[in-house]
Amino acid sequence: MEAGVQKRQVLFLCVFLGVSWAGAEPLRYFVAEETERGTFLANLANDLGLGMGELSARGSRIVSDRNMPFLLLSPLTGDLILNEKLDREELCGPTDPCVLPFQLLLEKPFQIFRAELWVRDINDHSPVFLDREIPLKILESTTPGEAFLLERAQDSDVGVNGLSNYTISPNAYFHINVHDSGEGTVYPELILDEVLDREEVPELSLILTALDGGSPPRSGTALVRILVLDINDNAPKFVQPVYKVEVPENSPISSLVVAVSASDLDAGSNGEIVYAFFYATERILKTFQIDSASGDLYLRAELDYEAIQTYTLTIQAKDGGGLSGKCTVVVQVTDTNDNPPELLMSSLTSPIAENSPETVVAVFRIRDRDSGNNGKMVCTIQDDLPFLLKPSVENFYTLVTEKPLDREWNADYNVTITVTDLGSPRLKTEHSIRVLVSDVNDNAPAFTQTSYTLFIRENSSPALHMGSVSATDRDSGSNAQVTYSLLPPQDPHLPLASLVSINADNGHLFALRSLDYEALRAFEFRVGAIDAGSPALSSEALVRVEVMDENDNSPFVLYPLQNDSAPCTELVPRAAEAGYLVTKVVAVDSDSGQNAWLSYQLLKATEPGLFSVWAHNGEVRTARLLSERDAAKHRLVVLVKDNGEQPMSASVTLHVLLVDGFSQPYLPLPEAALAEAQADSLTIYLVIALASVSSLFLFSVLSFVAVRLCRRNRAPPVSRCLVPEGHFPDHLVDISGTGTLSQTYQYQVCLTGGSGTSEFKFLKPIIPNLPPQSTEREVEENLSFRNNLGF
């Protein structure tokens, strides 16, 4: 019980001792604001008289009402260290001094020591005006000595670092006066030194500077803008007493003419100016209008230099106080090139006869209502026309022909007369004149061709239109009316009047009768064309008419000739090889071209396949070897056909006799005798007769051959060959391979010896084509045998 009482007594003693320490004068420590963290402030152990390590042993710590750990205590050494950088203005604001109380608390035993940290101010803030610009209005009638209180500046520092003085920028009208409120606050006051004149200085701008007491001092500035208020002590005054302006006459309506400007040194309603015309005439009021607020003068109507060149206007400017001023505006209207040149025609001559010498075509005058260069003119026409412009007096011009005109070259001219002034931009007027050229008969008719070639088929019907000739005349009217006619032929034997006629109006040519190609193949004549001018002119052209062949002639067989005489028989030895030349059918055609191209074909044969006919030359040849079983006598029918569009043909019959050799006698027997010879009862008689005849025939042949050989040795052989009159033209005797035959042959047309008649005996080649197998002897025997028989 006693021990508890004692503990309570000891605790009470410690509290009493702590309170007693707490009631003592606190310890003071000083530090300048913005001091760096970790700065040593003091040693609390020494200041409190405590031994080394006692603070640590007693459990010491620092406490503060701000709950800011701005101090740090080292228990081992007792050093008091600044824990953070301090800002006096943030901690204490305008309070001076700035005291931060704190306590040192010892737990064993419990004891409290009071202490204070005094934060000293440094000059780290400049004076600041809340408004960077301070407006101030002062009447220009204010008397000197008048004071105007200005806004003061703010400074976060205190004491000597706080705001202490004001200054104003140097000027002639104001100075600054600083007033102290008695509480440490100073105020600036602006004092007027000179009378203000708003018209001279309507506004002043002064720099107000606030200074603190720091070292070095810091400052802050503000702009004091002084607006001098006006009184109506000035009348409006124009910038120029007289305005002279030049306005083009083509200026559009509502365009600006001039901007007059008056100034009034007053302000407000005293300086508000209204513009108006002063005693303006009715014409001016209709032509111009003025903006009362801006003084801009506008066009109200179009200007015309040709009507009025100068306008004089008086404009008044009046302010709100009733004062006014005047000026004069002289508007000089300048000419613009707004009038194109004019062309006034006095006379015009059209048409003009061609080939005429220099002729006056037109007379005219030009004018331009503008002035200066705008009224100067140049008159021209096209360069490629045969006309000239000749100037005369008083802007008169004449248009004349440069040379005689040719209507056939150009019958119509469009002359464009261009009148251009020298203004800017240039204006021009164009006037077109149509000049016609009348015709003179100076051109003869001209055929489209110097010669014409017409083609007409033979056998055409009479009055057939063969073709046309055409001539043109470059003249006009009756001078160009052409009439056609046939001119007398140069060949007096040509019956032109019975062959051809011509239409005099259009030049159509007609055949008057049917023409025969074989009689008249071509003829020529001249055609004339004459115009109806005075005097008349003419020309001529050559016309050649060529008759075209028609297939109107059938082929004519020259050999073998078909007549009523005994038929011609061809002998073929039975020993002849295949391809042996039996004979050759010769035919001609009076037509020409393809109408005379002949082809041959075997139409009928006693024994088909034994003989063949070559299609191009008419040669009849054996088609195979002959045998004893082949009949002795054969009849062949050969067809000759031309190549016309409507082919025409002829046929010929050939008689072929097969013999054992050319030494075998041959007597043609009538059909009845042959029939009787076949009878058995007459066989013996026939054999005897044949033997006798053969002997006689052989003797005759040998005699005939001897005579013929003797004649050939003495003179060239002369054949009694005649051409029947009216059947064959002379040129057919010698036929080349270029005609109806494919090879060259020479033929003789011979009559029967001693008959004196016109019947053909044979038409054979003198040297016939034999097959390659034929020997020279066979050829001689063939010729000799035929001569002995009288062929």
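# Worked exercises on a predicted model

D412 has a relative accessible area of 28%, which makes D412 partly exposed. Keep that residue in mind, as we come back to it below. The model is a predicted one, and each exercise can be followed in the structure above.

## Exercise 1: A bridge at D412

Find the residue whose side chain meets that of D412 in a salt bridge, and work out which strands the pair ties together.

*Solution.* 
- Step 1. Start from the idea that side chains of opposite charge can pair when their charged atoms come close.
- Step 2. The partner of D412 is R434, with 2.7 Å from N to O.
- Step 3. D412 belongs to strand β30 and R434 to strand β31, so the bridge ties together parts that are 22 residues apart in sequence.
- Step 4. Compare the cover on each side: D412 is partly exposed at 28%, while R434 has a relative accessible area of 51% and is exposed.
- Step 5. Move on to V435, which also lies in strand β31 (residues 428-438). V435 has a relative accessible area of 0%, so V435 is buried.
- Step 6. Look across from V435 to N414: the two are 21 residues apart in sequence, and their C-alpha atoms are 6.4 Å apart.

## Exercise 2: From a pair to a network

*Solution.* 
- Step 1. The search gives 19 salt bridges.
- Step 2. One of them joins the side chains of E203 and R225, at 2.6 Å from N to O.
- Step 3. Since E203 is in strand β13 (residues 203-212) and R225 in strand β14 (residues 219-229), this pair ties together parts 22 residues apart in sequence.
- Step 4. E203 is partly exposed at 36%, and R225 is partly exposed at 29%.

## Exercise 3: A link between distant loops

Decide where R574 and D660 lie, and say whether each is buried or exposed.

*Solution.* 
- Step 1. The side chains of R574 and D660 meet in a salt bridge, 3.5 Å from N to O.
- Step 2. R574 is in the loop between β42 (569-573) and β43 (581-584), and D660 is in the loop between β49 (649-659) and α7 (671-677); the pair links distant parts of the chain, 86 residues apart.
- Step 3. To judge the cover, recall that buried means under 20% relative accessible area and exposed means over 50%.
- Step 4. R574, at 13%, is therefore buried. D660, at 52%, is therefore exposed.

## Exercise 4: Rings that meet

Classify the ring pairs F288–Y311 and F387–Y413 by the angle between their planes.

*Solution.* 
- Step 1. The count for the structure is 10 aromatic pairs.
- Step 2. For F288 and Y311, the centres are 5.2 Å apart and the planes make an angle of 80°, an edge-to-face pair.
- Step 3. F288 is in strand β20 (residues 288-290) and Y311 in strand β22, so this pair ties together parts 23 residues apart in sequence.
- Step 4. F288 is buried at 1% relative accessibility, and Y311 is buried at 8%.
- Step 5. For F387 and Y413, the centres are 5.4 Å apart and the planes are at 85°, so this pair is edge-to-face.
- Step 6. F387 lies in strand β28 (residues 387-391) and Y413 in strand β30 (residues 412-421), so parts 26 residues apart in sequence are tied together. F387 and Y413 are both buried.
- Step 7. For a further stop, look at F447, Y452 and Y484, which form one aromatic cluster.

## Exercise 5: Backbone details in loops

*Solution.* 
- Step 1. As background, most residues other than glycine have a negative phi, and most peptide bonds are trans.
- Step 2. The bond from S424 to P425 is cis, with omega near 0°, and P425 is in the loop between β30 and β31.
- Step 3. S534 and P535 are also joined by a cis peptide bond, with omega about -5°. P535 sits in the loop between β39 (522-531) and β40 (538-548).
- Step 4. N355 is not a glycine, yet has a positive phi of about 70°. The residue is in the loop between β25 (352-353) and β26 (360-367).
- Step 5. N395 has a positive phi of about 60° and is in the loop between β28 and β29 (396-401).

Methods:
Residues numbered from 1 in each chain as written. Heavy atoms only, no water. Phe/Tyr/Trp six-rings, centres within 6.5 Å; stacked < 30°, edge-to-face > 60°. Helix = DSSP H or I, 4+ residues; strand = E, 2+ residues; numbered from the N terminus. Buried < 20%, exposed > 50% of the residue type's maximum accessible area, 1.4 Å probe, protein only. Salt bridge = Lys/Arg side-chain N within 4 Å of Asp/Glu carboxyl O.
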